[in-house]
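I opened this notebook to record what I looked up in a structure that was new to me. My entries follow the order in which I made them.

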Amino acid sequence: MTSSVNNNSALDGMYWDNTDKVPDKNNGALTQADFFALLTQQLAYQDPTKPVENDQMIAQMTNFTMADGIGSLNESFKGFAESMTSNQALQASSLVGRSVLTQSDEIVFTGETLSRGTIELDKAATMMKVRIENEKGQLVQTFSVENPKVGKNEFIWDGTYMESGAGSAAEVDGELSERVKAGVYKVKVEVSYTDGTNASLPANVYSPVGSVSLNGTGGGVTLNLLGLGPVKLSDVLEVSYS
C-alpha cells in the first residue's frame, strides 16, 4: 500500500498559523466575562424538561460575584500597601540630617560633633566601662560611666585619645592632634554587677541619617546612616535633633 503527499500549492495558506497568536493578557485566568459566557452557554444548552434549579442558579451567581469581589479586594489592598509605603517614606525623609539611636557595635566620630550612645542595664551594677577601638582592634580610648543604674545609661566620646588627658598628642593625617580623625570606631561595653558577675553588653549609638531608601511594596523603608550603612526604620529606638 502506498501513500501520496499532495504538494499542491493551492493548499498553501489553508492551515492554521501557530505563530500569530493573540497575547493572553490574563495569563490564562478566567475573568468575570468568561464566567457569564459559560453561564449563558449552560442556559442555552440545558434540557428544557429539566431546567436548572433556582438554588443552583443563585449559587453560581454568588460564586461569580465572590470571585469578582476578591479580585477587586486584592487590587485595593495592593494600592493601600503602596500608599502606606509612600507615606512612610515621606515621614522618614524628615529624619535626614538628624540622628537616630540604633543598636550597633560601631560608633561614628564626625570630627565636628560628639559621639553619643546609651547602654541598657537589666540589673544593678558597680562598674561600667566603655572601650573605643580602631579598625585594627587597637585601644583608642576607655572611660567609665559614672553611677551606672538599672535602665538607660548615656555616654559621650569627644574623639580624644586615651593619653590626651596627660597633655600628650597623637599624629593624625601628618599633624599632631588630641583627637582622632573622623571615621567609624568599634565600641565595647564591659560591666560588673553587684552580684559579682561580669558581662559584655551591646551598645546603642546615635548616628546621622544621610538618606532614605524604599524597598518596594511591602519591603518597608530603610534609613542610610552615615558610616554605618542601612538600617530598617523599625529598628530605630529613638530620634534626636543633633
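**Entry 1: the model.** I note at the outset that this is a predicted model.

**Entry 2: the largest core.** I asked which residues of the largest nonpolar core touch the most other members. Of its 23 residues, I found these to be I119, V130, I132, F155, W157, Y185 and V187. I then looked up the elements that give two or more residues to this core, and they are β2 (106–109), β3 (115–121), β4 (125–133), β5 (139–144), β6 (151–157) and β9 (183–193). The most is given by β9, with 5 residues.

**Entry 3: V130.** I next listed the contacts of V130, leaving aside its neighbours within four places in sequence. They are I119, Q141, T142, F143, V145, F155, V187 and K188.

**Entry 4: a second core.** I also recorded a second, separate core of 9 residues. Its members include A92, V221, L223 and L225.

**Entry 5: T197.** I located T197 in the loop between β9 and β10 (198–201).

**Entry 6: surroundings of T197.** With neighbours within four places in sequence left aside, I found T197 in contact with K123, V191 and S192. The side chains of T197 and D195 are joined by a polar contact of 2.6 Å. I finally noted that T197 and A125 are 72 residues apart along the chain, with their C-alpha atoms separated by 9.3 Å.

Note on methods: Residues numbered from 1 in each chain as written. Predicted model: local features only at pLDDT ≥ 70, side-chain atom pairs only at ≥ 80, totals over all residues. Heavy atoms only, no water. Core = buried A, V, L, I, M, F, W, Y, C linked by side-chain atoms within 4.5 Å. Buried < 20%, exposed > 50% of the residue type's maximum accessible area, 1.4 Å probe, protein only. Helix = DSSP H or I, 4+ residues; strand = E, 2+ residues; numbered from the N terminus. Contact = heavy atoms within 4.5 Å. Polar contact = N/O pair within 3.5 Å; in protein donor to acceptor, adjacent residues only side chain to side chain.
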